[in-house]
Amino acid sequence: MAFGSPVLSAECSFDPYWWRAAPHEEKSAPAVPRATDVAVIGSGITGLVAALHLARGGRQVTVFEAREPGHGASTRNAGYVGRSLKHGFGELIESHGVDFALAIYRELMEAFLAVKETVAEEGIDCHYRQQGRFLLATSPAMYEAMAREFALREKHLGEPFAAVSRAEQRQEIGSGHYFGGVRIADHAGLHPGLYHQGLLDAARTAGATIAAWTPVTRMACDGQGFKLATPRGVVETRDVVVATNGYSGDAFPWLKRRIMPFEAYQTVSAPLDPAVVEQLLPTDRTYIDWNFNVDWFRRVPDDPTRIVFGGLTGARNQDLRIMAERLHLRLTRIFPQLADVRFDHVWTGKCAGTFDIYPHLGQHEGIHFGAGYCFAGVPMGTLFGRKMARRILGRKGGDSAFDRLLPTNPLYWGNPWFVPYAISWMSRKDR
Ligand SMILES: Cc1cc2nc3c(=O)[nH]c(=O)nc-3n(C[C@H](O)[C@H](O)[C@H](O)COP(=O)(O)OP(=O)(O)OC[C@H]3O[C@@H](n4cnc5c(N)ncnc54)[C@H](O)[C@@H]3O)c2cc1C
């Protein structure tokens with residue numbers, strides 16, 4: 001029994017599966033310049049996309065990363081590329097009117113396309129594929145609500161969908177656990193490790209310097225520009241991009257007070273009989289339920305005999321052996337056929353929520369930031385990185401419907417102790 005747990009294989013690793021194909025770089029201590037045109041803090045998708053476009057735009061760019069490049073959620077996620085927001089289109093029409101709903105959802109489409117364009121323009125070989133998504137209903141009422149929501153999106157945004165009833169759902173999934181679902185044919189999936197690796201290579205080729213193992217500990221504005229404190233000395237810069245999302249800390253306390261980090265947990269199974277995978281996930285889409293606190297699963301893009309399974313977002317217990325057992329239980333409720341499955345990888349990563357449950361792009365005291373992706377940072381981080389670069393370069397296309405007041409709570413100083421309780425309340429509501 002590996003690690004004292006019956007659900008872990010003898011080879012189980014607590015590193016993300018994605019690092020097999022895109023291993024993280026060895027610890028190094030590159031020279032850090034005394035001055036740079038633009039300092040980008042964080043080397044995930046957001047930071048690297050910003051750095052890439054800024055360097056192409058002729059700026060001298062340094063990316064500061066506290067750990068190894070890609071330490072954060074960008075190499076730990078599930079690789080779902082969609083147009084997701086916790087606020088439904090219908091809800092936004094009711095609360096803010098149709099123009100606001102359209103502006104927000106059109107930008108989700110821009111973000112979705114930004115990934116496709118980036119993969120094509122940079123020639124990133126990361127198994128990007130528009131395999132479609134199957135969104136799952138966990139109750140009859142949810143199925144009805146989904147059908148209404150997606151009919152509205154089709155009417156106003158021209159985005160086609162197909163409602164698949166419980167009686168028909170076996171075409172899409174070998175499970176009787178759900179109450180039907182919605183198929184969105186053009187949603188995509190990718191290999192997160194290889195996408196990040198491609199962005200890192202592209203940013204370096206464009207001329208950006210990656211200063212790994214160099215945390216920015218403090219920032220001060222002197223009227224002309226900024227001084228950044230790092231353990232390797234002070235760096236002067238004209239512009240700053242903060243791209244630290246769920247890993248945001250004390251360097252930018254204003255953001256820390258507005259971002260709530262929380263953990264999400266993910267597993268990859270040991271190889272399964274291909275016939276079993278074919279039976280469980282016959283259409284090879286990305287699958288996710290429509291709850292607030294979601295379960296998700298898909299075939300592994302570079303080894304389709306394995307299944308990625310994730311969930312328990314925001315849960316308090318961070319012992320990965322216990323989380324693996326809880327995830328195994330959830331997996332076998334959906335697919336009882338997988339009772340004997342063992343996990344080869346179990347890991348976690350930090351996401352970021354905001355008090356209004358929107359992603360945010362903006363500027364505070366001259367510092368650019370993109371954060372609070374609420375689980376959609378693959379497309380939104382790609383788009384916000386690009387938009388922040390355009391803003392700094394003074395180019396068109398930097399405007400955003402997500403550039404709105406980023407709220408905080410007077411009692412919140414950056415310790416998200418209440419998140420597990422809030423999420424477990426949401427999960428009860430889901431049930
Ligand atoms: C398990 C899991 C599954 C997910 N699945 C999906 C999915 O399928 N689709 C999707 O769209 N989103 C998904 N997400 C969310 C998505 O991964 C994130 O929103 C996205 O990667 C955020 O990218 P980022 O570049 O903004 O931040 P990150 O990739 O988190 O990078 C932030 C970086 O900043 C660095 N840093 C922090 N402070 C400092 C400092 N002071 N100095 C220097 N460096 C610093 C950190 O070390 C880190 O490397 C998932 C997340 C998790 C955890």
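The largest nonpolar core of this predicted model has 120 residues, and V40, I41, A51, V63 and A203 are those with the most contacts inside it. Helix α3, residues 98-122, gives the most to this core, with nine residues. A nonpolar core is here a set of buried Ala, Val, Leu, Ile, Met, Phe, Trp, Tyr and Cys residues joined through C-beta atoms within 7 Å. A residue is buried if 20 or more other C-beta atoms lie within 10 Å of its own, exposed if 12 or fewer, and partly exposed in between, with C-beta atoms placed from the backbone. In soluble globular proteins, nonpolar side chains tend to be buried together.

Residues are numbered from 1 along each chain as its sequence is written. Because the model is predicted, local features need pLDDT of at least 70 and side-chain atom pairs count only at pLDDT 80 or more, while totals for chains, interfaces and linings use all residues. Helices (H or I, at least four residues) and strands (E, at least two) are DSSP runs, numbered from the N terminus.

The ligand is surrounded by 41 residues, of which G42, G44, G72, G349 and G377 are the closest; a residue is near the ligand if its C-beta atom, placed from the backbone, lies within 6 Å of it. Helix α9 (377-393) gives the most to this shell, with four residues. At least two residues each come from α1 (45-56), β13 (260-269), β17 (343-353) and α9. The shell divides into 19 nonpolar, 19 polar and three charged residues; Ala, Val, Leu, Ile, Met, Phe, Trp, Tyr, Cys and Pro count as nonpolar, Asp, Glu, Lys and Arg as charged, and the others, Gly among them, as polar.

Strands β13 and β17 also belong to an open sheet of nine strands with mixed pairing, in the order β1-β17-β13-β16-β15-β14-β5-β7-β6. Its edge strands, β1 (8-13) and β6, each pair on one side only; two strands pair if DSSP finds at least two bridges between them.

Strand β7 (residues 181-184) is covered on both faces, with G181 and R183 buried on one side and V182 and I184 on the other. Strand β5 (residues 133-136) pairs with β7 in the antiparallel sense over four bridges, and L135 stands opposite V182. Strand β6 (residues 162-164) pairs with β7 in the antiparallel sense over three bridges; here V164 has G181 as its bridge partner, and A162 has R183.
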